[in-house]
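Biologist: Hi! Could you walk me through this structure?
Modeller: Happy to, let's bring it up.

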Amino acid sequence: MSYFPFFVQTDNKKILIIGGGRVAAEKFNKLKHFTDSITLLAEDFLFRSDGFKTIKKAWEPADIDEFDVVIAATDDHEANREIGELCRKKHIFVNTVDDIEFCDFIFPSIVKKDDVTVAISTNGSSPALSQYLRRKTEDMLPDDIGDIASSMKEARNVISKSVHDGRLRKRVYKKMLNVCLSGGDPTVFYPHEIVIATRGSKLAMAQSELVKEKLLELGMTVTLKVVRTQGDRDQGSELAKIGGRGVFVKEIERVLLNGQADIAVHSGKDLPSQIADGLVIAATPEAASDRDVMLSFTDTPKKIGTGSLRRICQLKQVFPDACFIPIRGNVDTRIRKLRDGEVDAIIVAQAGLDRLGIDVSDFKVRVFGDDECLPAATQGIMAVECRSDSTELRALLSLIDDPMTHERFNAERLFVKALGADCTAPAAARCYLTGGGSLTGHVSPDMSSYVMPAMYEGIRGTFNGVVRFIERDLAPENVNRLLGLSQSGHVPLHHQVNKNVRVSKLLGKVYIVGAGPSYDLLTLRAKYLIEHAEEIVYDDLIDISILSLASSDATFHAVGKRLGSRKARQEQINDLLVTLAEAGKNVVRLKGGDPYVFGRGGEEAGALEAAGIDYEVVPGISTAIAVPEHFGIPVTNRGSARSFSVITGHTAPDLNGESLSDFGKIDGSRIFLMGITQLPHIVDELIKGGASPDTPVAVMSRGYSADEQIIRGRLSDIAEKAKDAPMPGIIFIGENAASRLCYVRKKSVTVTGTKSFTERARETFEEAGIVVKTVPHLVVEPAYDAQIDFEKESILTFTSANGVASFFSVYDRDLRNLADTEFACIGPATAAELSKHGFGADYIPGEYTTAELSKVLIKVAKNKKVYLLRADNASDELRKNLDNAGIQTENICIYTTRVDNRLIQGFVPDTDYILFGSANGVKTYFESGGSVGSAQVICIGRLSAKAYGRECLVPQESDLERVLEVIS
């Protein structure tokens, strides 16, 4: 007998259970969870049935007439069979216990959790097996399966109304279930607003509209947010000259990370090989054509317009007599230049023409195949980016993802990543995951394998492999080998297209840089390299303000090594340097003092040499010389020390066969680095070797910091005097240790805030002889999407130099439009920045505060509109004061600030003072993990002091000159 597992609606069914014993109880306990329409009939009941109708009597044939379903569950087999036969005659659905012949249905083993019901049956062959499977099923189902079912039930009601395509609706349900099962929030699939960040070009907008349409099909409300990028702003330069990774995406990625947009839509080829931390490519909709096409009026063009080095590398072979003219701009601009005769032909992407719907019927159109011009990696692919922690949003975006396009996208990006290249580099790749006639001679039999022709600066190669091993096949060393590049990773110079082509490298380069003991003693070479580094690996002992020179895109790696607090073993540091270089990075390894003076720089250079990594060593001023001289002790002096020895004290007990006592016989200066913990042993050995106990000794701790100290004595007593000397320190032994030449302890201050503020403070304070360490933890980003449109005879008001600089970087109109405009500045520093751009400040308050600036504007702006050009998080005090006085105002966010956490996580200043220039600077500094240690806090202005909330020094006026008076 065979049974189909129907789930029957029980609410309108009348059910009769005949029997009052164990079997009847079992059937009743299963049914009572599904319906209240149960009647129990028996002469006596051995179980409770509270709330259900019971009839106590012997059963009679007429008892079954009013019921839809009958269960014969008496303890009398013959009675059950009689009931079954009667029900069959009257066409009543019946279950006869333990008599399969008279069962229209059977009871399965049931697992029920809220709305979820799982029924298990073996067609009556083995109830024990059914019970076993039920227990297994109960263990397998999540505890919250009922909640999941409720969520899905609610979701069906919502999605059925918002997603009208039936096939798409089924996909949504499946995705929602996966999200529910993983503990996510399925409401992300409900209709809600999604903000798309995009460039403002026609093509970028067209691509964003395509993604928007797909999201609208899912029931979403979609708005577009236009963001200007570096590549958009600099339309006059060739892409190769702009340089940098991601010239079209960095600003957009910041908008995503700041939460100002949910997703971003990019052209895949514009993405750098490494997107920003915290972001992910969540979807790649079905790709358009990846081909390059030439539009022209002739078959033999002499002047071909293209700004792409990739195209020039390849098409120089196709058109050897042509001249390639770099042009940029959108497709319409390029076509206009072609029509105007500036060029004979232009090269554009077919995808751009298709997506913009441009009619090219009046041109000769030549589509290039792989043998003529390989496309840029991921050309024709749109990449949808979002935050990596947006798990549910990523599930939603997977609904607009095309898996095959995503496979190709990942494979081609692996090639670019292996090169360490970006969208401006002359690199090309096209991954084929299926067979076809479009790639002559290369047919891939199925989806499990791939073939990918590739090109780099004119060098071509073809990768073949299995899809699951594609990342291994495209490792840098394999790319290097296939393209026939040198082992060091240098691209042969003869492949250079012209003198303007920047030659890239597969491998990066490491600079092992001596950082000296302080910022002021940094070499010019070191400064330049730090400013241009992509990755900076540094020790604890460097002056942390040196890192303020790094670009905002550089990544910091703290590998500090100090006795008792090791962060990384030397082998790990070596591996890190090799790994970063193999990823094509420009790496600066910062070491305190000089790299080769007990800095283990030689070991790092050796590891790079063995790995075939290009490197350069940049000398630094050794602390062995700088610190003694800082304390007024010359390392040599005619008549008292004609030589000096630098000895490591860290390994003093074992100098590899060189006895420490041998240094006792030397007459010159003996300088021990890293030896404070070994001082008693050093003293004993030197005296044992013949040194006089009266020899002068100086122990210098933490040179160039606020708590620097020098302890003087002689070999006979220095161990006792310096037993509590802090580390790190230097031990100087010799006659010159008694010198006290020109040592004046300078006051020191750590300056926080924006780069421009900290540098202005450095100039002001250093002129007064104060040691300055800068921590520019606030990064200013001009608001390039600001709507700037002024009324005539208005007053432009700036409350910071950053506002002035940002305004002139985003104001893209003729400056003569500002001829009738007046300017108000909060103080002389802001006015000085304004004067750099050729304008003078009309109004500056006597006291440089918001309150005083309000008073000035209220007097002079009676019939004029005041525009406040400030940061996004500026205090609202100024605007309120003007509004209360009836002054017409408009606030324009001219720049935003973001926090550079790299500099302040766990930072403790080692200066006498720490200076804060704004309330936002105070707030973000402490929120990001900075502290003040023993430094005295100075806050410029009432609002900054209020934000600090504790006792601090506040100059009488909000000016660096007044701060200088406080410090002095």
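**A sheet and some cysteines**

Modeller: K509 has D614, in β25, as its bridge partner. This is a predicted model, where local features need pLDDT of at least 70, side-chain atom pairs count only at pLDDT 80 or more, and totals for chains, interfaces and linings use all residues. Residues are numbered from 1 along each chain as its sequence is written, and side-chain values use heavy atoms, leaving out hydrogens and water.

Biologist: In which sense do β21 and β25 pair?

Modeller: Parallel, over five bridges, with β21 covering residues 509-514. Strands (E, at least two residues) and helices (H or I, at least four) are DSSP runs numbered from the N terminus, and two strands pair if DSSP finds at least two bridges between them.

Biologist: What is the strand order in the open sheet?

Modeller: The five strands run β23-β22-β24-β21-β25, with parallel pairing. β23 (555-558) and β25 (614-618) are at the edges with a single partner strand each, so one side of each has no neighbour in the sheet.

Biologist: Which strands does helix α19 lie across?

Modeller: Helix α19 (residues 601-610) lies across β21, β24 and β25.

Biologist: Is C373 buried or exposed?

Modeller: C373 is buried, at 1% relative accessible area, while C323 is partly exposed at 42%. Buried means under 20%, exposed over 50% and partly exposed in between, with a 1.4 Å probe and protein chains only.

Methods: Contact means heavy atoms within 4.5 Å. Axes are lines fitted to C-alpha atoms, for helices over the stretch in contact, and angles run from 0 to 180 degrees between N-to-C directions.
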